[in-house]
Amino acid sequence: MATANIPPLMPPAIVTSLVVYLAAICTYRLFFHPLSRFPGPRLAAVTDVYAAWYEVVKKGEIVHELDRLHKDYGPIVWIGPGKLHFNTPKAFDDIYRSPKLIKPGSFYDAFQMRQSCFGFSDPRLAKERREIIGPLFSRKAVLRLEDVVQDVVDRLVSELSKYPSNDTVNLRHGLMAASLEVITTYCFAKEYHALEYPAFKHPVIPALESVSMHVLYFAMMYLPFLEKIVFGMPEWLAKRLGAGSGDMQDLFGAIVKQVDEVLNDPLAVERAEHEIIYHHLLSAGTVEKGGKPPSRQSLIGEASSMIEAGTETIANACTVACFYILRSPDIERRLRDELIGAWSEAHMPLERLEKLPYLTAVIKEGLRLSHGVVTPIPRQAHDGVVIDGVGIPSGTIVTMGHTFMHLSPELFEDPLVFNPERWLTGDAQDKHIVSFSRGPRVCLGVNLAWAELYLILGNLFRKVQMELPEDRPERLEYHELFTPHYKGDPLQVHIRKLADQ
Ligand code: HEM
């Protein structure tokens, strides 16, 4: 039988060169790289595939792996070709407080908000932008705009009260809808009517929560060329490929429309019912370098980052607090007693809610166990950086996950237990809560966030009676996809009856 003369797929010379090239890279990384003196799994030292396996393929399980690695290798682990992870409180301070460490584009660009307060890598641009929009999120501004938040909370309570007694409602969706609505009304004076959607299911909410969308962000960090494919595909295809990406495009479309409206009709800003982000971004007094207001692209990035940064984070802290309060009759009774004892009119002002010690303690536990961001936040070191006494080569990406603070048995006794009591004996532990991060890139919305947490949780537990079903899980499980993405439907509650108001 005659055999066909099939040409080899790749000429042997190319294969040989490839093998030699890869071997040279591995040898360099293992023995000559400036990080080669640090301990860690050798596979992680030579390839990003190690971390990508946990973040992309296993849909966010890197923290569990890091926990295991620190047990084997000590307080510093070499976790990727140019990347170290730490696990001590001193290291956390050194990494996030220092102005010498910057946000690396290799991580943040995937979020598609390059020219925003959240996305700027250049510390000078980030500082300028924080100075421009910061006044809208100052303590003073939050107190001035407290009614905007209170109004959304009233709508949440009113919608919940429409459910017949014993009906089941997904409170998690209600919390997402409320936090989305606070951001859009507070920042843009725009109602998305998320609370009035049946079962609180505004289409943006599945997009913000979508596990597949967030896995895709991580995939784009490792394979940046994916970005062009994902964001270049037509809308109909994105919708067919997954709920997340299609709804995300809808959200993006709404943001673009809003930005174009204010750019085409500057008086639209003046017609807003209250001070909004565009008063700051577009006004003459806030002109960026070169005397120009931010570009259209930058305005779109800023608006997107507000929604992404300020929705899920709030809903997560509230989800954790509600879940563990409703799981524990003692905690719930104590919280309700405190609220009933203090509440004297329909609306309890923020400044009085802040004085309630048990409510404050419950919020701190909600923040501690929701972590803010759960994937270790990267920073890039430059010359002369020392972390926890160790000199770090310039260019290294250094990280430390919030869970290594919040779940440390040295910092918090029985760290996995939701225990508000731990906050009633003084504020010594306050410095160990890092949910809002620290330093020059600390959360910009921290004052607004605290206000939301007080108003949402205070009003909910004063005005609505809820119960978790009998088959509730023991604890909340999540995927680590930047923020925690809770598995299952963790907060399906039965509405019992409205407490006296
Ligand atoms: C409980 C609620 C919140 C938590 C736990 C939280 C947590 C965080 C964390 C950990 C960061 C640092 C992220 C990083 O370095 O990559 C951050 C940054 C940021 N947050 Fe929040 N956040 C919350 C609510 C909000 C709200 C309501 C807003 C709305 C304005 C907001 C706006 C921002 C912005 C703009 C940044 C970027 C700051 C910068 O890089 O300079 N956050 N937040």
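1. Helices (H or I, at least four residues) and strands (E, at least two) in this note are DSSP runs, numbered from the N terminus. By that rule, Asp388 sits in the loop that joins β5 (385-387) to β6 (390-392). We will come back to that residue below.

2. A word on what you are looking at: this is a predicted model, in which local features need pLDDT of at least 70 and side-chain atom pairs count only at pLDDT 80 or more, while totals for chains, interfaces and linings use all residues. Residues are numbered from 1 along each chain as its sequence is written, and side-chain values use heavy atoms, with hydrogens and water left out.

3. Which protein atom is the donor to the iron atom of the ligand? The single one is SG of Cys443, at 2.3 Å. Donors here are N, O and S atoms within 2.8 Å of the metal (3.2 Å for Na, K and Ca), and as water is not among the atoms, sites may look incomplete. Cys443 lies in the loop between α23 (403-406) and α24 (446-463). An unreviewed UniProt entry gives Cys443 the annotation "binding site"; UniProt positions follow the numbering used here, feature names are shortened, and annotations may be inferred rather than shown by experiment. Cys443 counts as partly exposed because its relative accessible area is 30%; the classes are buried under 20%, exposed over 50% and partly exposed in between, with a 1.4 Å probe and protein chains only.

4. The search ran on a 1 Å grid over the protein atoms alone: a cavity is a set of points where a 1.4 Å probe fits but cannot get out, a pocket is an open set with protein on both sides within 12 Å along at least five of seven lines, and lining residues have an atom within 4 Å of a point. Grid points are joined across faces, edges and corners, and a volume is the space filled by probe spheres set on the points. Two cavities of 30 Å³ or more turn up in the whole structure, and the largest cavity holds about 850 Å³. Its lining has 42 residues, and those closest to the centre are Phe118, Ala309, Gly310, Thr313 and Cys443. At least two lining residues come from each of α18 (296-310), α19, α22 (357-370), β4 (377-380) and α24. By type, the lining of the largest cavity has 23 nonpolar, twelve polar and seven charged residues; Ala, Val, Leu, Ile, Met, Phe, Trp, Tyr, Cys and Pro count as nonpolar, Asp, Glu, Lys and Arg as charged, and the others, Gly among them, as polar.

5. Now the open space. The largest pocket has a volume of about 770 Å³. It is lined by 28 residues, with Val63, Asp67, Thr403, Leu407 and Leu416 closest to the centre. Each of α4 (62-73), α19 (312-327), α23 and β9 (478-481) supplies at least two residues of this lining. Which element gives the most to the lining of the largest pocket? That is α4, with five residues. The lining of the largest pocket splits into 13 nonpolar, seven polar and eight charged residues.

6. On disulfides (a pair of cysteine sulfur atoms within 2.5 Å), the whole structure has zero.

7. Two backbone angles deserve a look. Most residues other than glycine have a negative phi. His193, however, has a positive phi near 55°; it lies in the loop between α10 (171-188) and α11 (204-209) and is partly exposed at 42% relative accessibility. Asp388 also has a positive phi, near 45°, and is partly exposed with a relative accessible area of 32%.

8. Finally, the segment at residues 12-32. An unreviewed UniProt entry lists these residues as "transmembrane region". In the model, residues 12-32 are 100% helix and 0% strand, with the end C-alpha atoms 29 Å apart. Thr168 belongs to strand β3 (residues 168-170).
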